[in-house]
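Trainee: Could you take me through the terms used for this model, and what stands behind each of them?

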Amino acid sequence: MTDYPLRLRLAKTRALTPRIKALTLQAADGSTLPLFTPGSHLRFPLSLADGRQIERAYSLVHAGNAPDCYEIAVQLEPEGLGGSRAMHELAIGQELASSLPQNEFALAADADRHVLIAGGIGVTPILSMARYLAAKDLSFEVHYVARTPELTAYRDEVEAFTTAKLVFDEGDPARGLDLATIFAAHGPKTHFYLCGPQKMIGAAVKIFAQLDRPQSCLHYELFAGSVERSGDAAFDIVLQQDGRRFTVHPGTTILDVLIEAGIDPIYDCRRGECGICAVQVCAGTPDHRDVTLSEREKAGGKVICTCISRAKSAELVLDI
Ligand code: FES
């Protein structure tokens, strides 16, 4: 099986905000689509204008019970490499390849209550979870922060949940969600799920780490646009053990390059969340984009998450 076994066709689009478009996708051959669980995403291989190939992941918005179509929402990232633009420019009827639905952000089966927290376009998996929990009559609440009411994707859908609270911060994080208060308001069997920008997830991880509660009750997912930057430049990595040198181009990661070189690195989330891919840095300056290393580790510059972080220097020497 290839990485992208599904053949989908764009059936319909809908503007959710000036920058966010919902895309409805159906099987190109009209067949039934594979079922998925809330929190799942699809991965799409995309070709950029300059010929480069990249992959982007988008969460599914339905609760997992609509096998005749999938819905995703794509936020145009003017500062990005062009992946979101490629998705926005798809024409109705155009076909595209996709992975099967994958879920690395699943609801916990043993939770008493689920607290769903979304920042911006991070609402997509959160909405999927909320729809599922509402349909199953399970205990949950939603906290959703966006810049303004007009820039809030799926506002009506979220407001339809009686336990939803929306906050508009006008771009000022100080007016955003009070995560410490949200965490403190719940018992030890509550699970928390966050999807949003890197700063929000980083703050949540930091606050939660100081609480006397099982760390396994915090689940989070970054969205891709939050870590990709248009100013990303190529840099070299040098393997300390045998001196081999490779170039990491924008749109690829150190981890991608190591895998392609046949090095067999260990990794898991590929989103800077688990820390499993971290390696020691012998020389050079990392550009940290993960949410798992501590502030001290990041400032020390001696370790890097290869799945997401890049380099501020032209070269990084890695202890591999
Ligand atoms: S694989 Fe999880 S942080 Fe890199």
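Mentor: The chain runs from E7 through helix H2 (residues 123-135) to E8, a right-handed β-α-β crossover. This is a predicted model, in which local features need pLDDT of at least 70, side-chain atom pairs count only at pLDDT 80 or more, and totals for chains, interfaces and linings use all residues. Residues are numbered from 1 along each chain as its sequence is written, and side-chain values use heavy atoms, without hydrogens and water.

Trainee: Why are E7 and E8 said to pair?

Mentor: Pairing requires at least two bridges found by DSSP; strand E7 (residues 113-119) and E8 have six, in the parallel sense, so they pair. E8 and strand E9 (residues 164-168) are also parallel, over five bridges, with Ala146 opposite Phe168 in E9.

Trainee: Why is Arg85 called partly exposed?

Mentor: Buried means under 20% relative accessible area, exposed over 50%, and partly exposed in between (1.4 Å probe, protein chains only). Arg85 has 39%, so it is partly exposed. Arg85 lies in helix H1 (residues 83-88).

Trainee: How do you know that both faces of E8 are covered?

Mentor: Phe140, Val142, Tyr144 and Ala146 on one side and Glu141, His143 and Val145 on the other are all buried.

Note on methods: Helix = DSSP H or I, 4+ residues; strand = E, 2+ residues; numbered from the N terminus. Right-handed = clockwise from strand over helix to strand, strands pointing away.
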